[in-house]
Amino acid sequence: MERPIRVMIVDDHPVVRKGLVTFLETYDFIRVVAEAATGTEALELYDQSLPDVVLMDLDMPDMDGLSATARLQERHPESCIIILTSFKKDDQIQSALKAGAKGYLLKDIPVEELAKAIETAASGKPVLAPEVTQVLIQATTKEPNSDESALSEREQEVLVLMARGLNNAQIAESLFISISTVKFHVSNILWKLGAFSRTEAVSVAIKKGLVH
């Protein structure tokens, strides 16, 4: 690209955002044009900043990275989103790619490799961390298991509360578990039901007779 690659950083930790800005702006071909602390803020800032690449965290308050990625793809199919997270579970990776992410990288990536990945993604090519590629390979070579897509007892409980309109904090309080655990279960539910959002998951669950 003749002009610098415009990047938006989406992460709820200000120290992480500051560090990424500091490191990435040492590269002449990268320009950080926006920072967001939540998925909702990312949706608002996208139209204002029009980034070429979005670095998206997964675990955030208000709206998580999976939901924000799906919403951005719905509004802007041309958007280029790279998930940048500490999580590398099979279901989270597959859910992110299904939501429209063009890449999935881990936060321990060296800054030189991150800069190169941004350049690669901006050119239209997918980028995956080696560890992520290995997880996907292992997932595709597992023996078929008809029970693998079935919801666990805890996921069923979370799904019922989702259908009642409870948010993550309310679900956590009702089930006496942490909010991060709720987010993990919600992510699994979305993946297993093939849904991009909580609303779609509930709709699918109703059609399948999983909730009433």
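Modeller: Let's go with helix 2 (residues 39–49) and helix 3, whose axes come within 9 Å and cross at roughly 25°. Bear in mind that this is a predicted model, where local features need pLDDT of at least 70 and side-chain atom pairs count only at pLDDT 80 or more, while totals for chains, interfaces and linings use all residues. Residue numbers start from 1 along each chain as its sequence is written, and side-chain values use heavy atoms, leaving out hydrogens and water. The axes are lines fitted to C-alpha atoms, for helices over the stretch in contact, with angles from 0 to 180 degrees between N-to-C directions. Helices are DSSP runs (H or I, at least four residues), as are strands (E, at least two), numbered from the N terminus.

From helix 2, G39, L43 and Y46 meet A68, R71, L72 and R75 of helix 3; contact means heavy atoms within 4.5 Å. By class, that makes four nonpolar, one polar and two charged residues. Here Ala, Val, Leu, Ile, Met, Phe, Trp, Tyr, Cys and Pro count as nonpolar, Asp, Glu, Lys and Arg as charged, and the others, Gly among them, as polar.

Now for the annotated site. D57 sits in the loop that links strand 3 (53–56) to helix 3 (65–75). An unreviewed UniProt entry lists D57 as "modified residue: 4-aspartylphosphate"; such annotations may be inferred rather than shown by experiment, feature names are shortened, and positions follow the numbering used here. D57 has a relative accessible area of 3%, so it's buried (under 20%; exposed is over 50%, partly exposed in between, using a 1.4 Å probe and protein chains only). Beyond residues up to four places away in sequence, D57 touches V10, D11, D12, G65, L84, T85 and K107.

As for the setting, the unreviewed UniProt entry gives residues 6–122 as "domain: Response regulatory". That span is 47% helix and 21% strand, with its end C-alpha atoms 9 Å apart.
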